[in-house]
Amino acid sequence: MAAVLLDPEADSRPGADASLELTVLMPCLNEAQTVATCVAAARSYLQAAGVRGEVLVADNGSTDGSQGLARAAGARVIDVPRRGYGAALHAGIASARGRYVVMGDADDSYDFSALQAFLDALRGGADLVVGNRFRGGIAPGAMPPLHRYLGNPVLSFVGRLFFRTDIGDFHCGLRGFSRDAMRGLGLVSPGMEFASEMVAKAALAGLRIEEVPTTLRPDGRDRPPHLRTWRDGWRHLRFLLLFCPRWLFLYPGLALVALGLGGFAASAGEAGPLQLGVHSLLYMAAATVLGAQLVQLALLTKWMGIMSGVVPPQRWLDRLAPYLKLENGLLAGVLLVGVGLTWSAWLTLDWGRAGFGALDPAQTMRIAIPAVTLLILGAQVAAGSLFAGALNYSWASSEGKPPA
């Protein structure tokens, strides 16, 4: 099949040429030294491979003439007023005309003449294909040692752990995807964390993700890169944590609850295997209360993400939904408060039988601390249930639906 390279002066509306198979997308901000080389390499690949496609440059406000150079090299250029790597890519994906999109930086660090592995995987049914620079080869000087041996491996490990995917290079900038599948994920990040959001949401949505080797070479610029090591590294990590409340809140919360309740249980009664002092019991109470609060935050965060469309529905949460109603939460909170009040009343009556005299602090606090813990937990559960109910009403109102 002969290649068809889209005329960059043609109708620029998305979908204007539905017969195109591939859009090669490049975000661009002041890449005058390299953008024409990248566009030429991409067009050369399309021509040599016989692929019907286009080269699209999403310009993010360049002031060095990058737009004109890209057009002269044969690219279609769109202007993206909102600054940010993610913002440029989001606009580029929305404007792409190809069934598939391969995106990569316009700094000449990736080889746009070697895209066949990406297209083959997409043709084979993959929804997202991520390059792996560690498998394909990193040229000397192409990646700072801090990124190569610490930042990228650590963030990729966190991404694999949190989102149960086998991607080895979570932040490779050269990747391909089905245009329609990616549009359906509701990507929103405007900055560098867009790369993490793409993989995370694809994994959560159950899309088919594959990885192919790719190479990385030193970029062709004589200025510092847009990437800022610590700022952008933190933005990636922050996104991964906030997008996975299971690891941010749920697992630490369950561990703290287990620690606290285990300490209480082990020290219960005179014959308990572990007789903790009142100071230790106070820390057990704090662990229990904090842990319960983190578990509650995990459920609320996940639920808010689903309601807002940021994350897809989760089957485990659907199974729990019938038990997570406002009335059930209030009932559980009232029961916990009731047990705590009853326990406290018994302690007060026992004190009264002793004539309201001086108390043995060590003995009394062993009883008082669990009672107060139950009171706090009950109030916390009830308040969280009311807060969830308010969120539900707010969401239902905005969607024009009756509250659940």
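In which loop does Asp-108 lie? Select Asp-108: it lies in the loop between strand 4 (100–103) and helix 4 (116–123), where helices (H or I, at least four residues) and strands (E, at least two) are DSSP runs numbered from the N terminus. The model is predicted, so local features need pLDDT of at least 70 and side-chain atom pairs count only at pLDDT 80 or more, whereas totals for chains, interfaces and linings use all residues. Residues are numbered from 1 along each chain as its sequence is written, and side-chain values use heavy atoms, with hydrogens and water left out.

Most residues other than glycine have a negative phi. Asp-108, although not a glycine, has a positive phi of about 70 degrees. With 19% relative accessibility, Asp-108 counts as buried (buried is under 20% relative accessible area, exposed over 50%, partly exposed in between, with a 1.4 Å probe and protein chains only). Next, select Asn-30, in the loop between strand 1 (22–28) and helix 1 (35–49). The phi of Asn-30 is also positive, near 55 degrees; Asn-30 is partly exposed, at a relative accessible area of 24%.

**Strand 5**

Select residues 128–132. Five of the five residues of strand 5 are buried, so the strand is largely enclosed by the rest of the structure. In a regular strand the side chains alternate between the two faces of the sheet. On one side of strand 5 are Leu-128, Val-130 and Asn-132, on the other Val-129 and Gly-131, all of them buried.

Strand 6 (residues 175–178) pairs with strand 5 in the antiparallel sense over three bridges, and strand 7 (residues 209–213) pairs with strand 5 in the parallel sense over five bridges; pairing requires at least two DSSP bridges between two strands. Centre on Val-129: its bridge partner in strand 6 is Gly-176, while in strand 7 Val-129 stands opposite Glu-210.

**Helix 6 and helix 10**

Show helix 6 (145–163) and helix 10 (245–266), each of which supplies at least two residues of a nonpolar patch. Helix 10 gives the most, with three residues. Leu-161 lies in helix 6 and is partly exposed, with a relative accessible area of 34%.

**Confidence**

Finally, colour by pLDDT, the predictor's confidence in each residue from 0 to 100. The protein chain averages 84, and 84% of the residues score at least 70.
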